[in-house]
Amino acid sequence: KDLDVVHEFAGTKISGSFASTMSAGTGSFGRLEGNGEGLTNTRSYLHYGHDAVISTETTTEMKTIDGAANGEGYLMPRAGKITALSVQGDDDPGSPIGSQDSFTFQVFKNSSYLNSPYFVSIEQSENGRDSKIFSTPATFAAGDRLTVKCASVVDTGGELSNIAVLLEILT
């Protein structure tokens with residue numbers, strides 16, 4: 001299918017299914033959900049990452065998809081919910097994550113950490129990846145800023161690098 005062509009379906013109802021969208025060249029994608037009467041949610045993903053090694057005890061801001069590290073991530077144009085967090089990084093075999101190391105990816109709203117359960121922790125034997133669906137989604141308002149930071153504790157020499165993060169939201 002040609003992703004550059006926009007199709008309009010006047011009077012079409014989405015029932016028992018969904019339509020996916022992807023923006024070519026930006027890496028962004030979303031999912032539209034319906035209840036038979038119209039759209040109820042748009043599931044979207046905020047992209048963050050870090051392309052260098054984290055090997056010390058520190059807090060590291062994850063950059064936005066275009067590499068910006070502005071301290072606050074993305075400005076939300078409308079209200080919604082934070083529903084999941086996914087992290088994929090490289091656990092270097094030469095400096096594996098040890099039993100005393102942890103890399104905790106925390107969700108921030110308006111520069112404040114949302115606290116438990118809005119985090120994903122990468123520890124020994126997790127191969128540098130983990131994800132979590134939040135049973136109670138956090139809410140945000142139009143104008144709020146959302147970002148992800150990694151709080152690392154490195155006591156046994158572990159390293160995590162080439163980190164890709166997805167923060168799932170519903171609007």
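Tutor: Buried means under 20% relative accessible area, exposed means over 50%, and partly exposed lies in between, with a 1.4 Å probe and protein chains only. Arg145 is partly exposed, at a relative accessible area of 25%. This is a predicted model, in which local features need pLDDT of at least 70 and side-chain atom pairs count only at pLDDT 80 or more, while totals for chains, interfaces and linings use all residues. Residues are numbered from 1 along each chain as its sequence is written, and side-chain values use heavy atoms, leaving out hydrogens and water.

Student: How many salt bridges are there?

Tutor: A salt bridge is a side-chain nitrogen of Lys or Arg within 4 Å of a carboxyl oxygen of Asp or Glu. By this rule there are two salt bridges. Glu72 pairs with Arg145, their closest N and O atoms being 3.0 Å apart. Glu72 is partly exposed, at 27% relative accessibility.

Student: Which residue forms a salt bridge with Glu168?

Tutor: The partner is Arg43, with closest N and O atoms 3.2 Å apart. The two residues are 125 residues apart, Glu168 in strand β13 (residues 160-170) and Arg43 in strand β3 (residues 39-50); strands are DSSP runs of E, at least two residues, numbered from the N terminus.

Student: Is Glu168 buried or exposed?

Tutor: Glu168 counts as buried because its relative accessibility is 11%. Arg43, at 17%, also counts as buried.

Student: Which side chain does a polar contact join to that of Thr83?

Tutor: A polar contact is a pair of N or O atoms within 3.5 Å; within protein, one must be able to donate a hydrogen and the other to accept it, and residues adjacent in sequence count only if both atoms are side-chain atoms. Here the side chain of Thr83 is joined to that of Glu168 at 2.6 Å.

Terms used
Helix = DSSP H or I, 4+ residues; strand = E, 2+ residues; numbered from the N terminus.
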